Amino acid sequence: GARETRSNAMFARALALELGALELGAVSMLKPHALGRGGARGGWGGWRCARAWSAMRGARATTVTVTAFPWTSRSRSTTTRMASGRTRGGTRVGAASDAASSVYDAPEIYDVAFGFRDFDKEIDFLETLVREYGALHGGGGLTSALELGAGPAWHSLACARRGIQAVALERNPAMRAYANDKKAAVEASGVKLNSMRVVDGDMRHIELPHMMAPEGGFDCVVMLLGTVAHLLTYDDAISCMTSVRKQLKPGGLFVVELEHPWDLFSGDLSEGVGDAWDRVDEERGVKVLVEWGRDGDEFDIETQVYERTVSFNLIELDGNENTKPKVLKTVEEVVPCKIYTAPEFKALARAASLAHVGTFGDMSTTMALDDEDAHNMVLVFRRDD
């Protein structure tokens, strides 16, 4: 069928609805536009959250309840907004962005907006990969993992709960502090996470503190949830993968999650199509409205860098549909994201002496890339000595 109304218009109308500017029921809230094979795949300008549309596909409402880590004292209560004009945002691999404008400086909101995936199940996937593809075939179990661009360190926390040695490398200080707070909260419940560390680092030049890496190297290094998009040049990508190879043990795996080819070649990038959705944390009584890409965002066809507008609106839920919700905080920035195709990334990996050993359509060994329900592309590389 025909493509639905552009998502930035949906977001504006949805936000207006949330703030009481439109009558309740006047708009269809955050309806995903149809793209892909027979409409089976939700259109994704913001593919960090592809799992969200998949999970919500077929449902009439897009609000999903999640349990989030309580807001910490680092959370700023005032509403902040990016300076007027299209300010280029910072990236995780570069210098820290201005604290008032970067979405990565709002980890509590970020966690609610993106922390909806089944991370325990994804660690099952990694363990299966290590057994079937690791250590030059027939590898042992997953005993150590390095998470690049870890953000709230979702995967490292899930690993540590299993006793797996996990290192979460994250450039942003607010994210590191938040990840450590999450770790402390879990440990306060009686679960020890002695095998987990959160460290500052640049994923282009990985230098771990002495004695933090396992002897002989990591079983697995992961770069998930769109982190690869922060490698804005081929030199960045090769430098990163060269560093990754040094951190892997012989036969160790590098697992990367990228945008699915169906999304790359849908035509949306050239048109600057974005998406929007909302997430609810009932425990804290808040909702996060997320805009991931905006109509008209610039895409450079030569560098394949997409200047993606990202915004969070944190709204207080008071349970009364007849009152105007209170906006607690707004954060917006333009985040440059590089788009990689599979052949490009495989060639870059070869330049870093990493061998491609597997491709999947999700964080699951049973999901083929060409399955109509595939919504991400997961590439698996191995250090073959």
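Guide: A nonpolar core is a set of buried Ala, Val, Leu, Ile, Met, Phe, Trp, Tyr and Cys residues joined through side-chain atoms within 4.5 Å. Buried means under 20% relative accessible area, exposed over 50%, and partly exposed in between (1.4 Å probe, protein chains only). This is a predicted model, where local features need pLDDT of at least 70, side-chain atom pairs count only at pLDDT 80 or more, and totals for chains, interfaces and linings use all residues. Residues are numbered from 1 along each chain as its sequence is written, and side-chain values use heavy atoms, leaving out hydrogens and water.

Visitor: Which residues touch the most other members of the largest nonpolar core?

Guide: They are Phe114, Phe125, Leu126, Leu129, Val255, Val288 and Phe312, in a core of 44 residues. Helix 4 (residues 119-133) gives the most to this core, six residues. Helices (H or I, at least four residues) and strands (E, at least two) are DSSP runs, numbered from the N terminus. A separate second core has 32 residues, including Met203 and Leu354.

Visitor: What does Val288 touch?

Guide: Contact means heavy atoms within 4.5 Å. Leaving aside residues up to four places away in sequence, Val288 touches several residues, among them Ile109, Trp277 and Phe312.

Visitor: How do I read a pair of packed helices?

Guide: Two packed helices are described by the angle between their axes and the distance between the axes. Axes are lines fitted to C-alpha atoms, for helices over the stretch in contact, and angles run from 0 to 180 degrees between N-to-C directions. Here, helix 4 and helix 5 (residues 154-161) pack at about 75 degrees, with axes 9 Å apart. That makes helix 4 roughly perpendicular to helix 5. The cut-offs: under 35 degrees is roughly parallel, over 145 roughly antiparallel, 65 to 115 roughly perpendicular, and the rest oblique.

Visitor: Which residues of helix 4 and helix 5 meet?

Guide: Phe119, Asp120, Glu122 and Ile123 in helix 4 meet Trp154, His155, Ala158 and Cys159 in helix 5.

Visitor: How many disulfides does a search of the whole structure find?

Guide: A disulfide is a covalent bond between the sulfur atoms of two cysteines. The test is a pair of cysteine sulfur atoms within 2.5 Å. The search finds zero. For Cys159, the nearest cysteine sulfur, that of Cys220, is 7.9 Å away.

Visitor: Is Cys159 buried or exposed?

Guide: Cys159 counts as buried because its relative accessibility is 2%.

Visitor: Where does Ala153 lie?

Guide: Ala153 lies in the loop between strand 4 (144-148) and helix 5. Its phi is positive, about 65 degrees, although Ala153 is not a glycine. Ala153 is buried, at 0% relative accessible area.
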